[in-house]
Amino acid sequence: MILAVCANPSVDAFWDIDEINKGTTNRSANEQYFPGGKGIHVAFALQELNEQVTALGVWGGVTGRWIQEECHKKDIATIGPEVEEWTRTCITNRCDTDWADTELLGAGPSLTPGQSNDFLSIYRRALTESTVKAVVLSGSVPKGMSQDIYKQMITEARTHDIPAYVDASNDLLEHALEANPFAVHINQKEGKALTGHNNPVKIAKSLRKQCHIAAVTAGKDGLYLAANNHIYHGRYSINKQDIISTIGSGDCLLAGLCKAILTRDDIEEWTKLATACGSANCIHPKLGMFKAQDVNRIFNQVRLEIL
Ligand SMILES: O=P(O)(O)OC[C@@]1(O)O[C@H](CO)[C@@H](O)[C@@H]1O
């Protein structure tokens, strides 16, 4: 089983708004709601790739229960503390012409020290009681949870010889890197904040010093994967009009990378599968989801370069 950790899940609301103006009423033409939060996307993506997944989260009130139910419908088991304060909502607006999604992110519930400890205890139990092939730690954490929680979780996973994959930013990421995780995915913007470099190759090389596999995504320019002593660049072009949303693409890419590393030996194939999963998400109408058949089709069309 793969443990997809989503401490701060979210109901992702997709609002169709052409324009937002301050100080006036803005109405959406349509809206749709999806189970979200980075780790939930990872869980759905891994399940679509035929992996058995458990999602560990903090589940808050009505919205938290709804996300758990959506996971169960897909045979994704859920574990983690249930709290009263509702799981957050994150709103994505299609409000610009160049399809660069704009997000309004909720903060999530505030946890007591007891609830935070419960989360960690449930994690530790999962590592000892189940056969966990990998843990994937994604996204922000609710208020009250320590910013070094991923560092603690990576260290814990290592004692069981379980590789940890991380996708985080700011303090969470910096602390996580202190524990030298197995693999890390960040986007170019997060990479610039972390390393001071804008060039994805430089970011990947710098990140690689603190992890085994460093994946840096640069939007349309694709994936730069640092592994061994090389940079593998995977790229797939999608027509602008075919892109529905890029929300969740980084999560799907990380899920693809995890699946590839667990099932294949060839780094070129890891790069192609990860790129294909991230790209397939952009053309799927459900946020943070893709169809395995799209992944298979795109896989053969990914352009690969070794730098
Ligand atoms: O606040 P976080 O956890 O960093 O990011 C949350 C989020 O932007 O990430 C996902 C897309 O990757 C969305 O489901 C969600 O809205």
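Predicted model: local features only at pLDDT ≥ 70, side-chain atom pairs only at ≥ 80, totals over all residues.
1. A word on terms to start: buried means under 20% relative accessible area, exposed means over 50%, and partly exposed is in between, with a 1.4 Å probe and protein chains only. Residues are numbered from 1 along each chain as its sequence is written, and side-chain values use heavy atoms, with hydrogens and water left out.

2. Let's turn to the salt bridges. The term stands for a side-chain nitrogen of Lys or Arg within 4 Å of a carboxyl oxygen of Asp or Glu. Searching the whole structure turns up eight salt bridges.

3. Helices (H or I, at least four residues) and strands (E, at least two) are DSSP runs, numbered from the N terminus. Glutamate 51 is buried, at 8% relative accessible area, whereas lysine 133 is partly exposed at 38%.

4. Glutamate 51 also forms a salt bridge with lysine 259, where the closest N and O atoms are 3.0 Å apart. Here too distant parts of the chain are linked: lysine 259 belongs to helix 8 (residues 249-263), and the two partners are 208 residues apart. Lysine 259 is buried, with a relative accessible area of 14%.

5. Back to lysine 151, which forms a salt bridge with glutamate 178; their closest N and O atoms are 2.8 Å apart. Glutamate 178 is partly exposed, with a relative accessible area of 43%. As for shared partners, Glu51, Lys133 and Lys259 are joined by their salt bridges into one network.

6. Which residues of helix 5 are buried? In helix 5 (residues 170-178) they are Leu172, Leu173, Ala176 and Leu177. Viewed down the helix axis, these buried residues fall within an arc of 130 degrees, so they line one face of helix 5; the arc is that of the directions from the helix axis to the C-beta atoms. They pack against helix 4 (149-159), strand 11 (164-167), strand 12 (183-187), helix 6 (188-195) and helix 7 (200-208), where contact means heavy atoms within 4.5 Å.

7. In general, most residues other than glycine have a negative phi. Asparagine 170 has a positive phi of about 50 degrees although it is not a glycine; this residue is found in helix 5 and is exposed, at 54% relative accessibility. Asparagine 180, also not a glycine, has a positive phi of about 50 degrees. Asparagine 180 lies in the loop between helix 5 and strand 12 and is partly exposed at 42% relative accessibility.

8. Next, an open sheet of four strands, with the order 3-2-8-9 and mixed pairing. Two strands pair if DSSP finds at least two bridges between them. Strand 3 (31-36) and strand 9 (102-105) are at the edges with a single partner strand each, so one side of each has no neighbour in the sheet. Strand 2 (residues 10-15) and strand 8 (residues 88-93) run parallel and are joined by six bridges. Serine 10 stands opposite arginine 88 in strand 8.

9. Finally, serine 279 lies in helix 9 (residues 267-282) and is buried, with a relative accessible area of 9%. A polar atom of the serine 279 side chain lies 2.8 Å from the backbone oxygen of threonine 275. Leaving aside residues up to four places away in sequence, serine 279 touches Tyr236, Ile238 and Ile298.

Methods. Polar contact = N/O pair within 3.5 Å; in protein donor to acceptor, adjacent residues only side chain to side chain.
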